[in-house]
Structure formats: structure tokens, C-alpha cells
Amino acid sequence: MIKLGIIATGDDILKGITLNTNFNYIAKRAIETGSKIIFELTSPDDEEMIGEGLKFLSKNVDGIIII
């Protein structure tokens, strides 16, 4: 089983302006392929913060999806 992590980027998501419906779609497709999402992170539109999220995920999952 492939362990996946997802990082969604966007100040609008963190402010509640936009609903992250992409995660729902990806989670359903991951299950269909036998993968398992073990982390979902949301980062502000900040290069440093996105990098921190990617560092964390790279140590804990087999694959990373960025949305």
C-alpha cells in the first residue's frame, strides 16, 4: 500500500473563503487505487511554509500530491 500525503496551498482555504473540494476527489481516487492518505496539510501561499510542509511529508510518506 502506498502512503500518500497531500499539501493544499492557499490563503483562501485557510481563511475559509474556499472549500477544499479537491481533497475529497483525490481521496476517493486514492482509495480506488489501493493507496492510503495518511496526512493532509494546508499551507498559506508562502514559499517557506510550503517547503516546511514538503519536508515533513517527504519523511513520512511514499508520495506527495500538491494541490
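Reply: First, a definition for counting charges: Lys and Arg count as positive and Asp and Glu as negative, while His and the chain ends are not counted. Note also that this is a predicted model.

Me: How far apart do the centres of the positive and negative side chains lie?
Reply: The protein has 7 positive side chains and 10 negative ones.

Me: In what order do the helices and strands run from the N terminus?
Reply: The protein contains three helices and three strands. Read from the N terminus on, the order of these elements is β-α-α-β-α-β.

Me: Why is the protein said to be as compact as a globular protein of its length?
Reply: For 67 residues the globule rule gives 11 Å. The protein counts as that compact because its radius of gyration is close to this value, at 12 Å.

Me: Where is valine 61 found, and is valine 61 buried or exposed?
Reply: Valine 61 sits in the loop between helix H3 (47-60) and strand S3 (63-66). A residue is buried when its relative accessible area is under 20%. Valine 61 has 11%, so it is buried.

Me: Which residues does valine 61 touch, not counting those up to four places away in sequence?
Reply: Residues up to four places away in sequence are left out of this count. The partners of valine 61 that remain are Lys3, Leu4, Gly5, Ile38 and Phe39.

Me: How far apart in space are valine 61 and proline 44?
Reply: In sequence, valine 61 and proline 44 are 17 residues apart. In space, C-alpha to C-alpha, the distance is 21 Å.

Technical notes
Residues numbered from 1 in each chain as written. Predicted model: local features only at pLDDT ≥ 70, side-chain atom pairs only at ≥ 80, totals over all residues. Heavy atoms only, no water. Helix = DSSP H or I, 4+ residues; strand = E, 2+ residues; numbered from the N terminus. Buried < 20%, exposed > 50% of the residue type's maximum accessible area, 1.4 Å probe, protein only. Contact = heavy atoms within 4.5 Å. Rg over C-alpha atoms; globule rule 2.2 N^0.38 Å. Charge placed at Lys NZ, Arg CZ, Asp CG, Glu CD.
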